[in-house]
Amino acid sequence: MPRPAMFTAPSRGLSGTISVPGDKSISHRALMFSALAVGRSRVEGLLEGEDVLSTAAALRAMGARIERDADGVWHIDGVGVGGLLQPETALDMGNSGTSTRLLMGLLASHDLTATFIGDASLSKRPMGRVTEPLSLMGAEFVSSPGGRLPLTMRGAVPAVPIEYCLPVASAQVKSAVLLAGLNTPGITRVIEPEATRDHSERMLAGFGADLTIERDADGARIISIRGEAELKPQQIIVPGDPSSAAFPIVAALIVPGSDVTITGVGMNETRTGLIKLLQAMGAQIDLLNPRDAGGEPVADVRVRASSLTAIENDPADAPSMIDEFPIAFIAAALAKGRSVFRGLEELRVKESDRIAVMAAGLRQIGAMVEETPDGLIIEGTGGEPLEGGGPVETHLDHRIAMSFAVAGLASYKGVTIDDMRPVATSFPGFVDMMRALGASA
Ligand code: S3P
């Protein structure tokens, strides 16, 4: 079957008011924690993307009842902490690193054996970062060469509580250890020198887990969870995903004459790095009507086309926009001057090697870019459209596909993307939404 390619063309000003699908990180966690509660939870605004559906399918395969009603609300009957059952077949994680790493943590303190498989992209990604701390807790792993999928795990009961200092700034590793700690006697502790998204901590506390957060003398966060917890079912409202909003935000900035508002976007400060970076580049972005939705801050984001100037990123801010660098690189390619991005080694182990893949695609569409071991140096056009071209190879990476689709809107010849299928992992409806704003796609 031919891959569904896409062509996006130079566009006139984008306009309108839209909302984006639910936050992917929060959606995974809402399903997982609900599956461990005692009783029925209700989740509104769940992201119905392939990654989250992989999590739902895995939890169902282990005994949780998960249903979607006609109004799009999800209902989950939890089995209680430690109550998941041996799955009969391998758990297919598709493209989803979050499903894989968080479920490994969750199952590491269950009395079961599980095999994790995934697509070609996921099967290249490192799992040693989670199997290492989970092994210290007593779980056993047989993984493919390089600590990759397919991988089989034998959970430990009882697991051993650990104190673990994160060697990489990763919310997935932090969450894996905390989730393993849920069914481990005593206190499991994670020390996080650099803050990463804190959705697990917020939501676990909301479910009634005994979780505390302190800071040490160096400012590192120390997160402690008491095991053998009983989680109480919750009603959750999932905010719009700031990582999905990033695409229409940058599209509106780079297409002259645009004025777009995106309602109900998550504004957790561990996720707002892109908005701050763009504002520092001169972007006209207003955060309107700030409010709280189910324990997470949200706002409406109004974006107007802007003349952007080059930027040098602060590597310390990278975790707060870790998924947004591909689209930030597109913004930099249209800014005035030379942008320098560094401290981004983690991008090489995302759904694709996002440094190499973005460098190749940007060159293909006429941008001036230099690849460095930990980032990119990009000479912007100063607002002139990019040349365009393609087909750009997306390597099973949704955010690469959406970034270049956006770039095509501010190009002379348009941009062809080789494969748009991966977009369904995080942003079903992306193309229709861009068309509704007036994009030529
Ligand atoms: C996520 C954490 C990040 C991010 C991913 C989602 C999460 O990964 O890139 O898309 O939900 O915890 P890392 O923790 O590996 O940085």
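## Two domains

The protein chain splits into domain 1, made of residues 6-22 plus 239-436, and domain 2, which covers 24-237. Keep in mind that this is a predicted model. Between the C-alpha centres of domain 1 and domain 2 there are 28 Å. For the contact, domain 1 puts in 26 residues and domain 2 puts in 27 residues.

## The interface by area

Interface size is often quoted as the accessible area that is lost when the parts come together. Here, domain 1 and domain 2 bury about 2,200 Å² between them, and carbon and sulfur atoms account for 48% of that. Over in domain 1, the residues that lose the most area to domain 2 are P319, E351 and T425; together they make up 22% of what that side buries.

## Polar links and who supplies them

Now for the polar side of things. The interface of domain 1 and domain 2 has 4 salt bridges by the rule used, along with 14 residue pairs in polar contact, both partners being at pLDDT 80 or more. On the side of domain 1 that touches domain 2, β17 (296-304) and α11 (398-409) each bring at least two residues. Sorted by class, that side of domain 1 has 11 nonpolar, 7 polar and 8 charged residues.

Strands in a sheet pair through backbone hydrogen bonds, in either a parallel or an antiparallel way. In this model, 4 strands make an open sheet with mixed pairing, and the order reads β6-β7-β9-β8. The edges belong to β6 (91-92) and β8 (140-144), each of which pairs on one side only.

Follow β8 to its partner and you get to β9 (residues 148-154): the two are antiparallel, with 5 bridges between them. Within this pair, F141 sits opposite M153 of β9.

Another spot to look at is the hairpin of β4 and β5. Strand β4 (residues 65-68) and strand β5 (residues 74-79) run antiparallel and are joined by 4 bridges. Across the pair, I66 stands opposite I76 in β5.

What about the turn itself? There are 5 residues between the strands of this hairpin, and G72 adopts a positive phi near 85°.

Definitions and conventions:
Residues numbered from 1 in each chain as written. Predicted model: local features only at pLDDT ≥ 70, side-chain atom pairs only at ≥ 80, totals over all residues. Heavy atoms only, no water. Domains from an automatic or database assignment. Contact = heavy atoms within 4.5 Å. Buried area = accessible area lost by both parts, 1.4 Å probe. Salt bridge = Lys/Arg side-chain N within 4 Å of Asp/Glu carboxyl O. Polar contact = N/O pair within 3.5 Å; in protein donor to acceptor, adjacent residues only side chain to side chain. Nonpolar A, V, L, I, M, F, W, Y, C, P; charged D, E, K, R; others polar. Pairing = 2+ DSSP bridges.
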